[in-house]
Structure formats: structure tokens, C-alpha cells
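Student: I have a structure to look at and would like to go through it with you. Could we take it step by step?
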Amino acid sequence: MKQVAANMAGTVLNVLVQPGDEVTEGQDVVVLESMKMEVPIQAEVAGTVTEIKVNIGDFVNDGDVLVSVE
Amino acid sequence: MRKVLIANRGEIARRIIRTCKAEGIGTVAVYSDADRDLPFVREADEAVHIGPPPVPHSYLNAEAIIKAAKSTGADAIHPGYGLLSENEAFARRVQEEGIVFIGPAPEVIGQMGDKLTARRVMLAAGVPVVPGCEEPAATVDEAAGVAASIGYPVMLKASAGGGGIGMQICRDEDSLRQAYQSLRSRAKAYFGNDAMYVEKYVERPRHIEVQIAGDQHGTVLHLLERECSIQRRHQKVLEESPSPFLDAKTRERLCQSAVRAAEAVGYTGVGTVEFIVDEDKNFYFLEMNTRLQVEHPVTEEMTGLDLVLLQLAIAKGEPLSIGQADVQAKRHAIELRVYAEDPVSFLPSPGTITLYQPPEMEHVRIDDGVESGAQVTPFYDPMIAKVIISGQTREEALQRAAEAMRNFQIVGIKTNIPFLREVLADERFRQGNYTTWFVQERAAKSSNEIQA
């Protein structure tokens, strides 16, 4: 199990994957917004998305888990 | 004008409060939950809480702001920059309430806010514009057709865009077709308007703007230019004036074009006409900012004028108290924008500032919105301070700027100060030989050096 975490504090602007989706290494899975900037967050490993931990509009802190990949 | 409400936050709210205080005008701050403890809230004579942190619920909440103005008896509203400053409907609402809006007429804001309308007005006034669409490109095929007729590369832009959001360079038809839909849906989401247009992309451009001021009696002056080519993500990082690139003749033509642009729309207040300048010193109208600009202190330190004071006088209906001959570049001025962000990736870095120690030096002005212990929240723009340095010559100003940046200490969050130091030390920057590609070219060069 690998967790995809936020690299900055911000708001979840978009979730680009669903549980069950296959993702490749480096694929954008979530888009965060902070200080008027959109930052896509990538999966660090390839695998299957098992859980989405956030909803659009949620506020997350640096390091918070966004998506689990197995 | 006895009491001004400032519909903004951070450093620009403090800046406006300062001139109002000097003039004996009362001030009202408005603030969100996130900004409760920031200096601008304390420094205003009165402060009104207007809502939770996200801007739609606070600083973009026109009704809450107007209510705050009425409850405190403010007779004027200063919108600052960003937020509601270029919102035609807000300016109109303010006026309908019998409150003075410190800025141009609502129609002028609307005209210049729509990039295509602005292009048409400027063409008619004889101000040069970049070749491109005269009407929105409603489909990707239309956009491709215009691009083919003017030739690649082109810039694909959202008509309602600004602040670096809603534009993309397209070097061929494939990339234009790819960019069109995503840019369009983004424009819809950000600006509520998805009209798109295509312009010729000017290679190796410089971004130079002209400050103008117009009173309600038909007089328009230019207050010289600002060189704004040092940008990251299409947002300015460093501005200076006089521009090291312009010769006297080009400067005069550029400034006169800006005056013509302002006269064409009957501009009242201070504003900025942005131009793109190519390698051969041809210049083209880009857009007009109908507000006080972030980098207005460059003009102030260069000329000795107070632009907020000019705004207040114009809003009161007074004729301009200076003539064109009074506007002189007395010093060379540079502004450095300090952002709460990673100095390499430029990713936002919100957090708590545990230590904040700006330099205290002669001819170094600090316009900032934070202090030790302040929270930099993710809800707003990452700019936390501006350092404005001036000197008798550019060389002197640069030297002083480098010293100021060595003496600026911020602990607790990441800032771009290390990046600003590198820019000041860069040979091409020191020679004044730079374009809007400067930051990207430097990044490419340093990653090549790491690989080598």
C-alpha cells in the first residue's frame, strides 16, 4: 500500500481518479489549490487506487494523505 | 471625503491607510477570519469582520463590504488591487449606494476588463495592438483559422483572463487544438466567461508598462514606465524604472501611446497601460489595468509622487496639481516581491512566520503585510512583502538591493528571497539585458549545469 500525500497546504480542487482505477507512476491523481495556484499531485508508484481520502473543496495540510494506491 | 473603507487586505491595505492617515482621512479595514491578527486590521481606525477565509465569502463579498461601509459611515471605498478592484458591477453598486468608488467609471472598468473590447478601442484610437482576432474564436477551428492567417507561434488567451491565468503559447496547430478546450473550461471556471481569442506571439518579448493618471476635467498625464519582464508563471517578481531597454525616443512614443489609450476611454484615476515590446523596440498594447498596481511604489520612488494621494485627489474631483513637465525620473527604483514560496519550484509555502526581520536601510522602503508570529494562510496571494530600493543610478540601486536582500530574514516559511538574490547577482540582469523568458532560461541553465 502506498499513500499519495499533499506537498503543500491547500484546498482540493479536483480528484482525477476513482477507486479501482489503474494509475501509472507520475500520473496526476489530485489537483490542489493554494495561494491562487493549482498544483497537480502525482502517484509515486503504479498500482490500483484503493481509496480516495478527500473530497473536492476539502482543506488539507502538507503531508495529509489524499489517495491510497496498492 | 472623510472616511475611506479599504476593500482589500495585507500590504496594500496598510499602504492606503498610510496616505489616508497623513491626509487626516479616517480608515476602515475589512477582514476575514484568517486575517484577524494581521497589522492592517489594527492600523485602520476601525475594522469590520466580513466573513470566513475563502475570498467568495469575504473579500469578494460585495454586499458584506458595502454593508460595512454603510455601518461605519465611510464615504469612499478604495478597492486596492486584485479582488474587487476591476469588477464593474461592484464599482456600480458602490456608486448606487452614494459612496465614492476610488477608481475609474464602471463602464471603463468593463471595457478594459474585456480584452477583446479593449483591443478594438485601442485599434480605433491608433494605439498599436498585436495582430490577432477581432472577435472571439467560438470554435477550435475558428481559432486555428486565425492562427494560420497570422502565423505561428500564437498566444491563445481567455478574453476575461488576467494575472497570468488563462493563456498559453501555441507553436503549431496541434498544440493549439490541444490547449483550446482545457483553457476554455478553465476560463469558464475562473472568470465565468469562456470567450477565447488568438494573438500573434511576440518572441523574446519585454513587458513594459506605463503609469497614467487622469482627472475628472479631461487631463491625462503619463508617469513614465516600469520594466516588468522578470516574471515567473506570468507573474511579476521584480520591476524597475527607468527601463534599461528603452531609449529616449521609444520611451516618449510609448508614454504618448499610453496617454492616447487613457484619453480614448476617458480614464479617471491612476491606471496602467501594459505593452509588449519586441527586440526591435516595436511595442503593442497588451491590456489596461484600471486600478492601483502592485508595483506602483517603483513610480513613487522614481518620481517622488504619492500615487494613492493622486487617487484621493482625483476621486474628490480635484484637477491634477502637477503637469507633465513635473514628472521626472529623479532616481532609479527597483521593487522585489517577496513571496511565501519555495525558491526553486515556486510552490506555495503557507505557514507561521516565526521571525520576520526586514532590512532597515536608507533608500530601502518596505511595503509589507506581515510580522513575526503572523500566519501566512493558503487562501490568498503568496506575496507578503515588497522591497523598493532606489539610487542615483541603476548601479547604485542594484548594489543597495543586493545588500537589502542579504539583510532580510524570514524564518518559519520558505520564501523566494534566495531566488531574488540570485537574480540580482545574474550577469545578464545586471547588464539590463533580459526578456520575459529570463526566469525560465535561468532555470534551464542551472539544471543543465547540475547534469553536467
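Student: Which residue stands opposite I276(B) in β13(B)?

Tutor: Y284(B) in β13(B) stands opposite I276(B). This is a predicted model, in which local features need pLDDT of at least 70 and side-chain atom pairs count only at pLDDT 80 or more, while totals for chains, interfaces and linings use all residues. Residues are numbered from 1 along each chain as its sequence is written, and chains are lettered from A and ligands numbered from 1 in the order in which they are written.

Student: How many bridges pair β12(B) and β13(B)?

Tutor: Six bridges pair β12(B) with strand β13 (residues 283–289) of chain B, in the antiparallel sense. Two strands pair if DSSP finds at least two bridges between them. Strands (E, at least two residues) and helices (H or I, at least four) are DSSP runs, numbered from the N terminus. β12(B) and β13(B) form a hairpin with five residues between them, and K281(B) in that turn has a positive phi of about 70°.

Student: How many bridges join β9 to β12(B)?

Tutor: Strand β9 (residues 206–214) of chain B is joined to β12(B) by nine bridges, and the two run antiparallel. I212(B) stands opposite G271(B) in β12(B).

Student: Why is β12 of chain B described as largely enclosed?

Tutor: Eight of the nine residues of strand β12 (residues 269–277) of chain B are buried, so the strand is largely enclosed by the rest of the structure. A residue is buried if 20 or more other C-beta atoms lie within 10 Å of its own, exposed if 12 or fewer, and partly exposed in between, with C-beta atoms placed from the backbone.

Student: Which residues have the most contacts inside the largest nonpolar core?

Tutor: They are L5(B), M196(B), I212(B) and F275(B), in a core of 134 residues. A nonpolar core is a set of buried Ala, Val, Leu, Ile, Met, Phe, Trp, Tyr and Cys residues joined through C-beta atoms within 7 Å. Another core lies apart from it, with 16 residues, among them V4(A), V30(A), I41(A) and V69(A).

Student: Turning to chain A, what is the order of strands in its open sheet of four?

Tutor: The order is β5-β4-β2-β7 (chain A), with antiparallel pairing. β5 (37–42) and β7 (59–60) of chain A stand at the edges, each with a single partner strand, so one side of each is left without a neighbour in the sheet. Strand β2 (residues 10–15) and strand β4 (residues 28–34) of chain A pair over four bridges in the antiparallel sense. T11(A) stands opposite E33(A) in β4(A).

Student: How many residues of chain A are in contact with chain B?

Tutor: Nine residues of chain A are in contact with eight residues of chain B. On the side of chain A that touches chain B, five are nonpolar, three polar and one charged. Here Ala, Val, Leu, Ile, Met, Phe, Trp, Tyr, Cys and Pro count as nonpolar, Asp, Glu, Lys and Arg as charged, and the others, Gly among them, as polar.

Student: Back to chain B: at what angle do α4 and α5 pack?

Tutor: Helix α4 (residues 88–96) and helix α5 (residues 106–113) of chain B pack at an angle of about 180°, with their axes 8 Å apart. Axes are lines fitted to C-alpha atoms, for helices over the stretch in contact, and angles run from 0 to 180 degrees between N-to-C directions. E88(B), A91(B), R92(B) and Q95(B) in α4(B) meet P106(B), I109(B), G110(B) and G113(B) in α5(B).

Student: Is α10 of chain B mostly covered or exposed?

Tutor: Helix α10 (residues 296–303) of chain B is mostly covered, as eight of its eight residues are buried. Just after α10(B), G304(B) takes a positive phi of about 85°.

Student: Where is the cis peptide bond with omega near -5°?

Tutor: That bond runs from Y152(B) to P153(B). P153(B) has its place in the loop between α7 (140–150) and β6 (154–162) of chain B.

How values were computed. Two residues are in contact if their C-beta atoms, placed from the backbone, lie within 7 Å.
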